[in-house]
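Subject: Handover of a structure and the findings from it

Dear colleague,

Please find below the structure that I am handing over to you. The findings follow directly after it.

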Amino acid sequence: MTPFRVLDCEDIAWFRADPEMPSAARGAAATLARRIGLEGYRSSEVALAVTEAATNLQRHATDGALLLRVLRTPDRAGVEFVTVDTGPGMADVEAALADGTSTAGTLGIGLGAVARLADVFDIHSVPGRGTVMAAQFWAREAVEEMAGGSPTVASGLTRPISGETSCGDAWAVRVDPGADHDPRSGAAASGSSPDPAILVMLCDGLGHGPMAALAGEAAVKAFRQSAARHPEGLLRDIHTALRGTRGGAVAVARIEPAARRILYCGIGNVSGVLLGPESRNGLLSAPGIVGQQMRSLRTFELPLRPGGALVMHSDGLTERWKADDVPGLLRHTPAVMAGQLLREAAVRRDDAGIVVVKGAW
């Protein structure tokens, strides 16, 4: 067992706020819950919670959207939804979650009931800017297996450019259990700690649409299958995998809590930021296109300080976002952090992708 928990994510669909959104999201959520094997009663609870969240967005939010997706452990699958809107925000989140509170015209169960139905729930709202909510739903035995374990250390979001259904941005995360635990790893790579670490990758496939998505999928597959433990080795394997595609911008990071450091290597327009309670350090990427033109690689090292998070995003998000504009951001889960930064910085004229890694180190 490693001290870190990660989940694989499979995005199903984004639903934009409109009059048909609640019924469409409800039907998709019920179908998805049944498909992954949730029992009938639990599937109905998923559908109910999604409908409440979607109706709330449709009636009261500015430019709201709901993402529905599957989460997977090696043995189990669950459903997660994430809602993102650009306002008006809530001045008192605790009051909105109180029993008996429901926005006009919804099912009447209220956000508090949504929170109780979910196995994992988080919400963050900034008045005048917007709200992000994330909720996970698992089968009972999966909840029992995960009870008492550490929270998920990473999550991300991707959103296709307007008018497309497939996205060229992709991310993945996995745990390196350490040289002493992983028979594939052999001796520790030069400069890598032998202790357990978190490996994370973000790819921005060139262009948009299905061909860009193929590049992103190839990068994720190569990242997951590679035996490399160092960012440079992983990037070389991804470069080889992307040769038959359009290629893309890719960054890989290795977070080593025991060594208190982050190793980062990137090619192209992927932004990396090590965010702390009172600090922000940018991580540099070299020019090039992974899969086509990749010159010599360089890994950067920064100290890992308590209470911080690593943020990686494509150029579908501007770099002008400021954590100070989202008070309390670092107190929330990686999924909600990713949603808030997507809301703050994403542009509609491009695919957008972001991944956040945060743990109790």
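Leaving aside its neighbours within four places in sequence, Cys9 is in contact (heavy atoms within 4.5 Å) with Arg69, Val70, Leu71 and Trp171. Cys9 belongs to strand E1; helices (H or I, at least four residues) and strands (E, at least two) are DSSP runs, numbered from the N terminus. Although Cys9 and Leu71 are 62 residues apart along the chain, their C-alpha atoms are separated by 4.8 Å. Cys9 counts as partly exposed because its relative accessibility is 23%; buried means under 20% relative accessible area, exposed over 50%, and partly exposed in between, with a 1.4 Å probe and protein chains only.

Please note that this is a predicted model, in which local features need pLDDT of at least 70 and side-chain atom pairs count only at pLDDT 80 or more, while totals for chains, interfaces and linings use all residues. Residues are numbered from 1 along each chain as its sequence is written, and side-chain values use heavy atoms, with hydrogens and water left out.

The strands around E2

Strand E1 (residues 8-16) pairs with E2 in the antiparallel sense over eight bridges; two strands pair if DSSP finds at least two bridges between them. Within this pairing, Arg72 in E2 stands opposite Asp8. E2 also pairs with strand E3 (residues 77-84), again in the antiparallel sense and over eight bridges. Here Leu68 has Phe81 in E3 as its bridge partner. Four residues lie between E2 and E3, and the two strands form a hairpin. Strand E2 (residues 65-72) is largely enclosed by the rest of the structure, because seven of its eight residues are buried.

Two buried polar residues

Ser155 is found in strand E6 and counts as buried, because its relative accessibility is 7%. Its side chain and that of Arg69 are joined by a polar contact of 3.1 Å. A polar contact is a pair of N or O atoms within 3.5 Å; within protein, one must be able to donate a hydrogen and the other to accept it, and residues adjacent in sequence count only if both atoms are side-chain atoms. Apart from neighbours within four places in sequence, the residues in contact with Ser155 include Trp171, Pro334, Ala338 and Val355.

Arg174 is located in strand E7 (residues 169-176). Its relative accessibility is 12%, so Arg174 counts as buried. The side chain of Arg174 reaches two backbone oxygens: that of Phe223 at 3.0 Å and that of Ala228 at 3.2 Å.

The largest pocket

The largest pocket holds about 820 Å³ of space. Of the 32 residues that line this pocket, Glu10, Asp11, Thr158, Cys167 and Asp169 are the closest to its centre. On a 1 Å grid over the protein atoms alone, a pocket is an open set of points where a 1.4 Å probe fits, with protein on both sides within 12 Å along at least five of seven lines, and lining residues have an atom within 4 Å of a point. Grid points are joined across faces, edges and corners, and a volume is the space filled by probe spheres set on the points.

E1, E2, strand E6 (154-159), E7 and helix H6 (209-225) each supply at least two residues of the lining. E1 gives the most, with eight residues. The lining divides into 16 nonpolar, six polar and 10 charged residues; Ala, Val, Leu, Ile, Met, Phe, Trp, Tyr, Cys and Pro count as nonpolar, Asp, Glu, Lys and Arg as charged, and the others, Gly among them, as polar.

Backbone features in the loops

The peptide bond from Gly87 to Pro88 is cis, with omega near 5 degrees. Pro88 lies in the loop between E3 and helix H3 (93-96). Asp63, in the loop between helix H2 (40-60) and E2, has a phi near 50 degrees, a positive value in a residue other than glycine. Arg260 also has a positive phi, near 55 degrees, and its place is in the loop between strand E9 (248-256) and strand E10 (261-267).

Yours sincerely
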